[in-house]
Amino acid sequence: MSARRILIFGGIALIAMGMLFGDVFAVFVLHQNGGATGAALMQAANAAAAQDAAGVKTAFAQIGNLMEDRGTKVDSHVHMIDAGYLALLVALVQPYVLLSQAKKKLLAKLLIIGGLLLPVGIFLIHYVGLAYSPFSAIGWASVLADSAGALLIVCLAYEGLGLWRYFRSGGLVSEPEMPRERSWERRALLSGGTLLILLGFLHGAWYSAFRLYHHENHEIYILKRMSDFGNESAIQSEVNEYGMLQVEKAVHIAAHSHIIEFGLLAILLSFVQPFVFLSEQWKRRWVKVLLLGSVILPLFVLLELRFGLLAGGIADLGGLLVIIALVGMLVGVVRYTGRLDGEAA
Amino acid sequence: MSRDRKVLIFGGIALALIGMAYGLYYAVSVEHQTLDQMGGSLAGAFVSAAERKGPESKTLLASYGEAKYRYVRQVDVHSHWIGLGMLMIVLGVVFEELRFAERRRVLLAWSLLAGSAIFPAGVMLQTVNLQTMGSALAIAGSGLVIGALVATAAGFARA
């Protein structure tokens, strides 16, 4: 398998795994974590009303712990998918990286390993903590994540060196360039991806213009009322309102980022279609499934505000469609006969 | 390499580097202080409320609000510069496939680059007490990016 195929296979696999992790996280952790954070906030507000300063501190320590739990899982999801994007991007420039094939293959493998270990390290931060660590503030899981990040930086620096050699050589390529086919799949992914990104931008512009400031002011307003020594039922109502506000913010941000990321993914996948060795019919099928899932997930994430868990379930189904399409394309990459690899060798 | 691709690919790399450099500077010298201020102010506001120090609690909540306002925007600047840079690099790979004359593609590429640079810069200005100017730049920048992207989508659809 050439460096380019390792990167394409590894990149799509990382994206699919990152999305699967995100789906599992959304179903089994996200809502439970939100509920526990709300309960801890309620505990803090009740402690404040009961003049129990130590109780407030305990409750906030618990909130910090819950936020770390949630934050590291979100970061694992994001970093695994972004490492996949990076691998696909690096695959695109392989013909212009003037290094030996053996070195390029090694770099490709290291990049995929780094892209896998980085999110694994981030995920473990919450569980490993500072156990057996010789450092005062950095645990072994952070060391693993940072080392994997450093590995990615070294790989990219080497790829950059290869690109520098290409520019110095006056345009000498090291392997055949990506075929520029004008297939239906490619055009659908290109225009569909651009459209998804555009929708994401429009939604982001609308949110920042009409909702962002309102949300920020409303949060402070609720927190002020919450700490105003009310009775338990009043505090409960404030905590519920605060929880709803956080949900509304999270839903808009998730819809905005997911639709743009899916757009970018569609454009990147349009470049690697020549490496997907499937019949025209199946290639088209996977493209349609991918674009359908890319619309369903962010749309129904937004609709969670109105339809609750039903919309959330449909959104997760949208994510599953994207994962299925990615796995379908991955099978095509595995089945690829290596024609372009052969030319490269 | 055509001029439009050069603008997008090298402009995108430059934007991504600026975004990463800003992120590095922010993580090393600003983020921890801001997070400490946010966490400390919020917990402190509730502790002050428990100790029946009403005015102090309100001051700390206001401090939390200000810190969070800055934090959200500073993180957004970092992620948007890098994200837009990445989008420009990806579009640069296929920009020649747009069914437009080269002059129009170059104009589109410059619009994308200008908008992608101006929009996060405007958001950053909002955090240093230049809110009106920052908002105006952010709106103009994002408008430019959206307009250019509409044209790009139309160009791909015609290809």
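Me: How do you know that helix H2 of chain A and helix H1 of chain B come within 8 Å, and at what angle do they cross?

Reply: This is a predicted model, in which local features need pLDDT of at least 70, side-chain atom pairs count only at pLDDT 80 or more, and totals for chains, interfaces and linings use all residues. Residues are numbered from 1 along each chain as its sequence is written, with chains lettered from A and ligands numbered from 1 in the order in which they are written. The axes of H2(A), residues 53-92, and H1(B), residues 3-50, come within 8 Å and cross at roughly 160°.

Me: Why is H2(A) called roughly antiparallel to H1(B)?

Reply: Angles over 145 degrees count as roughly antiparallel, and the crossing is at roughly 160°, which makes H2(A) roughly antiparallel to H1(B).

Me: What makes the contact of H2(A) with H1(B), and how do its residues divide?

Reply: Two residues are in contact if their C-beta atoms, placed from the backbone, lie within 7 Å; here Ala53(A), Val56(A), Lys57(A) and Phe60(A) meet Ala43(B), Phe46(B), Val47(B) and Ala50(B). These divide into seven nonpolar, no polar and one charged, where Ala, Val, Leu, Ile, Met, Phe, Trp, Tyr, Cys and Pro count as nonpolar, Asp, Glu, Lys and Arg as charged, and the others, Gly among them, as polar.

Me: How many residues does the contact take from chain B and from chain A?

Reply: Chain B gives 27 residues and chain A gives 30 residues, and the residues on the chain B side divide into 20 nonpolar, four polar and three charged.

Conventions
Axes are lines fitted to C-alpha atoms, for helices over the stretch in contact, and angles run from 0 to 180 degrees between N-to-C directions. Helices (H or I, at least four residues) and strands (E, at least two) are DSSP runs, numbered from the N terminus. Angles under 35 degrees count as roughly parallel, over 145 as roughly antiparallel, 65 to 115 as roughly perpendicular and the rest as oblique.
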